[in-house]
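Trainee: Please take a close look at one part of this model for me. I would like to hear about the cavity and what surrounds it.

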Amino acid sequence: MPPTRQPIILLVDNGSLEPAATLALRKTAARLAEAVKVDVRPVSLLHSSAIAPELLEGRPAAIVEPTLRTLAEANRTNIVIVPFFIGPSGAILNYLPERVRHLRKARPRLTVRIAPCLVDAASTDDRRVAALLAERVRAAAAREKFTRPAVAVVDHGTPERAVNAVRELVARQTRSLLGSSARAVAAGSMERRSGGEFDFNEPLLERLLDQQDFSAGEVIIARLFLLPGRHAGPGGDIEQIAQAAAARHAQMKVAFTEPLGTHPGLIPILGERLEQGLAATPIA
């Protein structure tokens, strides 16, 4: 049977053990499919297959490598991966291409293209993701009746300078978009690896919240996360770090933005990234 050339579109996140993350990924894939008028399959790199299917509306989560293997065995070999990642993490730059090359040794007809991530640090005029984050900040401020809060733009922390450059760009753009409605806007990391070579992740969120602009008054934690896993979900690591800071500083009042992944404003960006992925060079 000859291979089918119609591309299969996979919307790929990093994966999580939290059911809410997989369910949110599925909603985004459905919205993207509706917008681009083709099927889009939600798939995770790792982890999510360990979630019990009964916590996922009876459907187990899909993982990239077995999904690609199954597609190749069915002669569905034309694959486009749209990363559901804010910046170009090692998972997208290194791990995923490595696994594709491994699969192609036995399935040389497998053709996989990877689209760009949501934010390109070189495209400094593209402020779309920052605009969505600023909107989330304004919504949190309105909900809590905050006036001129300090805003901490927080990501996970990364060993990749390219990912950190994306965070810094989004933080600068968010600062510009919020203008005088925020008394301060600064970027921080949830965590970092040890060693001086990873100092670019500083400040950690716990240290940022001890700084003068943040330790007293209203503070919004702007979560530069897409999905509500154990870090950005309710009661997760980000909330625990911020609540510990509020316990240290009696005059601090803290609120949180919702993760960005469910924002409908991401769909046009993902659609554009899909078009770029269709034109990308396949992994060799």
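Mentor: The largest cavity has a volume of about 60 Å³. A cavity here is a set of points, on a 1 Å grid over the protein atoms alone, where a 1.4 Å probe fits but cannot get out. Points are joined across faces, edges and corners, and the volume is the space filled by probe spheres set on them. The model is predicted: local features need pLDDT of at least 70, side-chain atom pairs count only at pLDDT 80 or more, and totals for chains, interfaces and linings use all residues. Residues are numbered from 1 along each chain as its sequence is written, and side-chain values use heavy atoms, with hydrogens and water left out.

A search of the whole structure finds one cavity of 30 Å³ or more. Its lining has 13 residues, each with an atom within 4 Å of a point. Nearest the centre lie Leu118, Val119, Asp126, Arg128 and Val129. Helix 4 (128-144) and helix 5 (161-178) are the elements that give two or more residues to this lining. Helices are DSSP runs (H or I, at least four residues), numbered from the N terminus.

Now the two helices. Helix 4 and helix 5 pack at an angle of about 55 degrees, with their axes 9 Å apart. Axes are lines fitted to C-alpha atoms over the stretch in contact, and angles run from 0 to 180 degrees between N-to-C directions. In contact (heavy atoms within 4.5 Å), Ala130, Ala131, Leu133, Ala134, Val137 and Arg138 in helix 4 meet Val170, Gln173, Thr174, Leu177 and Leu178 in helix 5.

Terms used:
On a 1 Å grid over the protein atoms alone, a cavity is a set of points where a 1.4 Å probe fits but cannot get out, and a pocket is an open set with protein on both sides within 12 Å along at least five of seven lines; lining residues have an atom within 4 Å of a point.
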